[in-house]
Amino acid sequence: MKLKKYLRKMNREEFEEYLISIDGVYDWKSLTSTNPSMFGVGEGWFGLLKNLLDELISLGWDRHLIQSKEKFGGLNFYVKNSTSEMQDVILKYERLSYKTCEKCGEEGSVRKGDWIKTLCDVHAEGREK
């Protein structure tokens, strides 16, 4: 899988505009949200999330999100009413997150520290690979 194909940088405002354009995502309470904070990840992954959401919607996803977060350096993404095709797409983007800096969206790697994060060399802040 070529990472460059999936790297699309988006800032918070652009991602929020995208969420508005798709009429938001339903949270676990079934309330619609266009707030990027609901995904629990850094700005560097907003481009990955946009691509993930686009692919899920094209497969008929109803935009109901159970949970999204960063854990142990990678994206964890859980949806309601998913198909096996949707799960394959989610797994693809979860894997890509381990190669994408969560701060800036450039190529990165998992870094050890007080909190395991996927970061590029610039944002690694002295962490070990």
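A polar contact here is a pair of N or O atoms within 3.5 Å. With that in hand, welcome to a predicted model, in which the side chain of Arg111 places a polar atom 3.2 Å from the backbone oxygen of Leu119. Overall, the structure holds five salt bridges and zero disulfides.

- Arg111 sits in strand E5, which covers residues 109–111.
- Its relative accessible area is 4%, so Arg111 counts as buried.
- Besides the backbone oxygen of Leu119, the side chain of Arg111 reaches the side chain of Asp121 in a polar contact of 2.6 Å.
- Arg111 and Asp121 also form a salt bridge, with 2.6 Å between the closest N and O atoms.
- Because Arg111 belongs to strand E5 and Asp121 to the segment after E6, this pair ties together parts of the chain that are 10 residues apart in sequence.

**Other salt bridges**

- Side chains of opposite charge can pair when their charged atoms come close.
- One of the five salt bridges joins Glu106 and Lys9, whose closest N and O atoms are 2.2 Å apart.
- Glu106 is in the loop between helix H3 (84–97) and E5, and Lys9 is in the segment before helix H1 (12–21), so the bridge ties together parts that are 97 residues apart in sequence.
- Glu106 is partly exposed, at 31% relative accessible area, and Lys9 is partly exposed too, at 48%.
- Another salt bridge brings together the side chains of Lys117 and Glu102, at 2.9 Å from N to O.
- Here the link runs between distant parts of the chain, with Lys117 in strand E6 (residues 117–119), Glu102 in the loop between H3 and E5, and 15 residues separating the two.
- Lys117 is buried, with a relative accessible area of 19%, and Glu102 is buried as well, at 3%.

- Asp27 belongs to the loop between strand E1 (25–26) and strand E2 (32–33).
- The side chain of Asp27 does reach the backbone nitrogen of Lys29, at 2.8 Å.
- Leaving out residues up to four places away in sequence, Asp27 touches Met38 and Leu65.

**The E3–E4 hairpin**

- Strand E3 (residues 65–71) pairs with E4 in the antiparallel sense, over six bridges.
- Two residues lie between E3 and E4 in this hairpin, and Phe72 in the turn has a positive phi of about 55 degrees.
- Across the pairing, Gln67 has Tyr78 in E4 as its bridge partner, and Glu70 stands opposite Leu75 in E4.
- Strand E4, residues 74–79, is mostly covered, with five of its six residues buried.
- Gly74 is part of strand E4 and is buried, with 0% relative accessibility.
- Beyond its neighbours within four places in sequence, Gly74 is in contact with Trp45, Lys69, Ser97 and Tyr98.
- The C-alpha atoms of Gly74 and Thr118 are 7.0 Å apart, though 44 residues separate the two along the chain.

**Cysteines**

- A disulfide is a covalent bond between the sulfur atoms of two cysteines.
- For a disulfide, the two sulfur atoms would have to be within 2.5 Å.
- Cys101 is buried, at 0% relative accessible area, and Cys120 counts as buried at 7%.

Note on methods. Residues are numbered from 1 along each chain as its sequence is written. This is a predicted model: local features need pLDDT of at least 70, side-chain atom pairs count only at pLDDT 80 or more; totals for chains, interfaces and linings use all residues. Side-chain values use heavy atoms; hydrogens and water are left out. Buried means under 20% relative accessible area, exposed over 50%, partly exposed in between (1.4 Å probe, protein chains only). Helices (H or I, at least four residues) and strands (E, at least two) are DSSP runs, numbered from the N terminus. Two strands pair if DSSP finds at least two bridges between them. Contact means heavy atoms within 4.5 Å. A polar contact is a pair of N or O atoms within 3.5 Å; within protein, one must be able to donate a hydrogen and the other to accept it, and residues adjacent in sequence count only if both atoms are side-chain atoms. A salt bridge is a side-chain nitrogen of Lys or Arg within 4 Å of a carboxyl oxygen of Asp or Glu.
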